[in-house]
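Let's take a walk through this structure together. Have a look at it first, and then we will go through some of its parts.

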Amino acid sequence: MNKQLALFKQNNSKVLGMTKKCVASFVAVLGLASCFAASAKTDINQTKFPDQYKTWAETEEQTEREDMLASYPANIILWAGSSFAKEYHSPRGHQFAVADVTHTLRTGVPPKEGEKGTSASCWTCKTPDAPRLIKEMGFEGYSASNFTDLGTEINSVVYCTDCHVDGSAELALPRPHAQNAMSKTGIPFEKQDASMQGAQVCGQCHVTYYFQPEKSNVVNMPWIFGSDTDNILKYYDTRRFYEWIHPISKTPILKARHPEFEHWSRSKHAEANVTCITCHMPVEENAKGEEFTNHKVDKALPHFDKTCIACHESKEAITAQLDADKHEIEAMAREVEGLLVKAHYEAKAAWDAGANWEQMNSAIMSIRHGQWHWDFAMASHGLYAHNPDEGRMLLSRATSQAKMARAVLAQVLAGLKVDKVEYPDISSKESAHAAVGINEAKLSEAKQMFIKDEVEKHWNPIAVRGYQ
Ligand code: HEC
Ligand code: HEC
Ligand code: HEC
Ligand code: HEC
């Protein structure tokens, strides 16, 4: 059976089978229309726009990803106390969005009766069912739900209606938090040209965000003052916001998440009107010689002869430039990681020896700010290609902030007569996990049981795509 047919069958069997929740709402004579509408959507877009549909489905071929914690075990120490330390992979094709968020140890398993689990907000950038549920349940009602409780409602990966008005080529921005943030920073979606709107549809998901604790974990983009590092930091610092308290150094930590849109928006390419679409979704011809936009959103460099060549002569020169920028940024990042790991443990040694907040305040703030700058660079996939200058600026600031923290800590430690600090073994993912008390095997076992008993039986098959 070919891939498209398999997909089609999957979607149809889902309509006939109906999900548990749909059946429940059928009985309650509520929400039935929305259950069918969600599944019926597939057909309109598939038959009306076969080239776009076919290439969209082909992101299933992009199976490769990297286990970032195995490649960079220092990250486990920097993210200790948060679920990022459990599992973190690089991104792959859009067709895996639902399966990967379901399987990652970060989203865990259903909470015990009466306990609060991971927020449903984790669905927000994986599926068009998220904006649908936000509309049906209210933003706070949706975000206050547990991630696993909404699993049976999720029937599609990143799809046409995430970026378009249903059944049409017109671009749309269905996520309310993205609408708000774009308006606040002076680029209201409805007032932009087609080129900027194209970037903005990607920017619904490929942006940094946090869950607002005072609003039931609603997704929010911290752009009130602006979307650059200083303005985001000002926003977080004036709100005294933190994601978690680091268990080793007691630092109130900030976490960046894939700020691709932010970095691109300040790049030379953005200035030249070159957007995500120019590079990742080039125009192609079908067998009949008709032009269409390639919806297999994939790596950009392989499209060199279709896109980059309009402005750059030599593929070799551009590849060499990209490699050089990548190596430089990676080397800077590794240096910062080493410094920050040491700073966390030096802070611990100081606390253990009886340091007080007055002595520690400036070092802890430097760790917070240094780690933020590092994360705002490293969480941005393709930074070296999107905005290498900003990458270098962020990492050089992170380096000086981490060094500043260590200089202050050295004084505090000397004052407390501490002359030896124990650092963790971060030579492998296993040793770093052991250092922060994460038992990956045990977490994986619980996850597998949940997948077998719940996901495989009751969720849409897209939730196990690539895992069977
Ligand atoms: C991740 C966002 C995204 C998704 C998902 C998406 N599109 Fe698009 N689509 C775009 C962008 C961006 C353009 C280009 C708009 C422009 O620059 O003119 C586009 C263009 C189009 C066009 C205009 C003709 C063309 O090829 O340029 C059609 C029709 C279309 N898409 C249909 C679909 C269908 C059908 C699906 C689902 C199978 C889909 N799109 C999924 C973002 C998306
Ligand atoms: C609804 C949210 C959403 C939208 C809209 C979206 N993406 Fe993504 N994108 C994701 C997620 C989630 C992943 C990671 C999927 C995984 O790893 O399972 C991803 C992965 C990617 C990848 C990695 C692909 C690979 O094989 O390595 C690229 C490149 C990408 N997106 C570009 C874009 C571009 C360009 C746009 C706009 C046209 C866009 N995305 C729109 C959510 C989105
Ligand atoms: C000038 C062309 C260009 C523009 C504009 C551009 N990208 Fe990229 N992007 C690249 C290149 C080059 C890479 C590095 C790997 C590759 O794709 O070859 C990359 C990498 C990525 C990755 C990481 C893929 C992975 O698997 O590691 C994502 C995600 C991504 N881009 C999304 C976006 C989004 C979203 C935008 C717009 C906000 C955007 N890109 C704008 C060229 C571009
Ligand atoms: C419409 C023109 C245009 C297209 C298309 C284009 N670029 Fe560029 N690119 C530019 C401009 C302008 C600069 C800035 C040149 C400068 O400042 O000297 C640039 C700079 C670069 C640089 C230097 C590093 C940096 O970001 O400052 C790289 C690498 C690069 N482009 C890669 C790519 C790749 C890869 C593609 C295709 C996927 C691409 N470009 C497509 C116009 C374009």
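An axis here is a line fitted to C-alpha atoms, for helices over the stretch in contact, and angles run from 0 to 180 degrees between N-to-C directions. Helices (H or I, at least four residues) and strands (E, at least two) are DSSP runs, numbered from the N terminus. This is a predicted model, where local features need pLDDT of at least 70, side-chain atom pairs count only at pLDDT 80 or more, and totals for chains, interfaces and linings use all residues. Residues are numbered from 1 along each chain as its sequence is written, while chains are lettered from A and ligands numbered from 1 in the order in which they are written.

Start with helix α17 (residues 315-352) and helix α18 (residues 357-378), which pack at an angle of about 155° with their axes 10 Å apart. Angles over 145 degrees count as roughly antiparallel, so α17 and α18 are roughly antiparallel to each other. Among the residues that meet are A333, V336 and L340 in α17, and M360, A363 and W374 in α18; contact means C-beta atoms, placed from the backbone, within 7 Å.

Now turn to the ligands, where a residue is near if its C-beta atom, placed from the backbone, lies within 6 Å. Ligand 1 is surrounded by 20 residues, with F49, C160, C163, A169 and T293 the closest. Its shell draws at least two residues each from α4 (50-57), α10 (160-163), α12 and β6 (291-293).

Around ligand 3 there are 23 residues, of which C276, C279, K299, L301 and G382 come nearest. Helix α16 gives the largest share of this shell, four residues.

Technical notes: Angles under 35 degrees count as roughly parallel, over 145 as roughly antiparallel, 65 to 115 as roughly perpendicular and the rest as oblique. Two residues are in contact if their C-beta atoms, placed from the backbone, lie within 7 Å.
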